[in-house]
Amino acid sequence: MKDRLIPVTSVSSGLEQPITPDIHCLPIQVVNLCFVGSPVRPDEWVLVDAGMPKSAEQIIATASELYGEGKKPQAIILTHGHFDHVGAVEELVDYWNVPVYAHELELPFLTGQMDYPEPDTSVEGGLVAKMSRMFPNEGIDLGSNVYKLPDDGSVPHMPEWQWVHTPGHTQGHVSLFREKDRTMIAGDAFITVKQEYLFKVLTQEMEISGPPRYLTTDWDAAWDSVRKLEALKPNIAVTGHGHPMAGEELRENLSRLVQDFEKIAIPDHGKFVDGKKNDT
Ligand SMILES: [Zn+2]
Ligand SMILES: [Zn+2]
């Protein structure tokens, strides 16, 4: 298990900034989740996102390694409700009995009221885009265990952090930001791997990318969200997919993404873009 727990400081050659020891990033298959909180204070930590389906055991085991046997988070914060970010959340809530927080606009998908649109398998991209028809798009039902994030931008049990509304990939998508060291947990607002291409997913080749194409429904909003995140000038970003990116590499790539969003991120065609992209 130990080798699957990858502290952000060691996953990427692109990291030149020292990272605080209170964020651990756990890649589960193709998606990342974060344990936020220093292991020296094992009763004060939060889980951000909840991985792939059937990964509850692995998440709980990692929590035990980091914080000690039986230690549970104070809350689970969700960047959004896609299946690969909430896969284990129902089991974790049953096991830990902790509250879950998400943006108000994401709540219908987390309380059994709405399903996400079917993935768009027609966007250009490789095998993962094609395979995305098999991805579950049904919302889950956390019942009364899920709450909306506070209106004032604070993040429950993460006192130094703020949440930033970054819609586009989903309506209620949020990213998290800590000003003191400019650390960002971006979710899928932008990612550092071309998630549509199986080869790139498998090799985790670093490449700045917009949100995963097959599931992103509002590209104008997605672009605005990336602008918003770039304006925060993050020092390090842990993204929902791909390796964390930091320092100059992050700044350069993020500003290139803002500049060339149409080229880098927005698919040329697809059911969520047709008629939207300029022909220039
Ligand atoms: Zn997503
Ligand atoms: Zn994702």
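**Exercise 1. Into how many nonpolar, polar and charged residues does the lining of the largest cavity divide, and which elements supply it?**

Solution. Let's start with the classes: the lining of the largest cavity divides into five nonpolar, four polar and one charged residues. Keep in mind that you're looking at a predicted model.

The lining is made up of Asn-32, Leu-33, Cys-34, Val-48, Asp-49, Ile-185, Gly-187, Val-238, Thr-239 and Gly-240. Asp counts as charged, and Gly goes with the polar ones.

Now for the elements. At least two lining residues come from each of β3, β10 and β11 (236–239). The largest share, three residues, belongs to β3.

Finally, the volume: about 40 Å³ for the largest cavity. The structure holds one cavity of 30 Å³ or more.

**Exercise 2. Describe the zinc ion (ligand 1): which residues coordinate it, and why is the arrangement irregular?**

Solution. Begin with the donors. His-80 (NE2), His-82 (ND1), His-169 (NE2) and Asp-188 (OD) coordinate the zinc ion (ligand 1) at 2.1 to 2.4 Å. Along the chain, the spacing of these donors reads H-x1-H-x86-H-x18-D.

Then check the angles. Four donors count as tetrahedral if all angles lie between 85 and 135 degrees. Here the four donor atoms subtend angles of 89 to 175°, so the arrangement comes out irregular.

**Exercise 3. Are His-169 and Asp-188 buried or exposed?**

Solution. The cut-off you need is this: buried means under 20% relative accessible area. His-169 has 2%, so it is buried. Asp-188 is at 2% relative accessibility, so it counts as buried too.

**Exercise 4. Take the largest pocket and the second largest pocket in turn: what volume does each have, and what lines them?**

Solution. First, the largest pocket. Its volume is about 240 Å³. It has 16 lining residues, and Gly-37, Arg-41, Glu-44, His-157 and Pro-159 are the ones nearest its centre. By class, the lining splits into six nonpolar, four polar and six charged residues.

Second, the second largest pocket, at about 160 Å³. Its lining includes Gln-29, Val-30, Met-52, Phe-83, Asp-84 and Tyr-214. The elements that give two or more residues to this lining are α3 (83–86) and α6 (127–131). Here you get eight nonpolar, three polar and one charged residues.

**Exercise 5. Which residues have the most contacts inside the largest nonpolar core, and where is Val-93 placed?**

Solution. Start with the core: it has 39 residues, and Phe-35, Ile-59, Ile-76, Leu-92 and Trp-96 have the most contacts inside it. Among the elements that each supply at least two residues are β2 (23–28), β3 (31–36), α2 (56–67) and α4 (89–96). With six residues, α2 gives the most.

Now turn to Val-93, which you'll find in helix α4. Its relative accessible area is 6%, so Val-93 is buried. To finish, go from Val-93 to Ile-76: they are 17 residues apart in sequence and 8.6 Å apart in space, C-alpha to C-alpha.

Key
Residues are numbered from 1 along each chain as its sequence is written. Chains are lettered from A and ligands numbered from 1 in the order in which they are written. This is a predicted model: local features need pLDDT of at least 70, side-chain atom pairs count only at pLDDT 80 or more; totals for chains, interfaces and linings use all residues. Side-chain values use heavy atoms; hydrogens and water are left out. Donors are N, O and S atoms within 2.8 Å of the metal (3.2 Å for Na, K and Ca); water is not among the atoms, so sites may look incomplete. Four donors count as tetrahedral if all angles lie between 85 and 135 degrees; four count as square planar and six as octahedral if opposite donors are over 155 degrees apart and all others between 65 and 115; anything else is irregular. Buried means under 20% relative accessible area, exposed over 50%, partly exposed in between (1.4 Å probe, protein chains only). On a 1 Å grid over the protein atoms alone, a cavity is a set of points where a 1.4 Å probe fits but cannot get out, and a pocket is an open set with protein on both sides within 12 Å along at least five of seven lines; lining residues have an atom within 4 Å of a point. Grid points are joined across faces, edges and corners, and a volume is the space filled by probe spheres set on the points. Helices (H or I, at least four residues) and strands (E, at least two) are DSSP runs, numbered from the N terminus. A nonpolar core is a set of buried Ala, Val, Leu, Ile, Met, Phe, Trp, Tyr and Cys residues joined through side-chain atoms within 4.5 Å.
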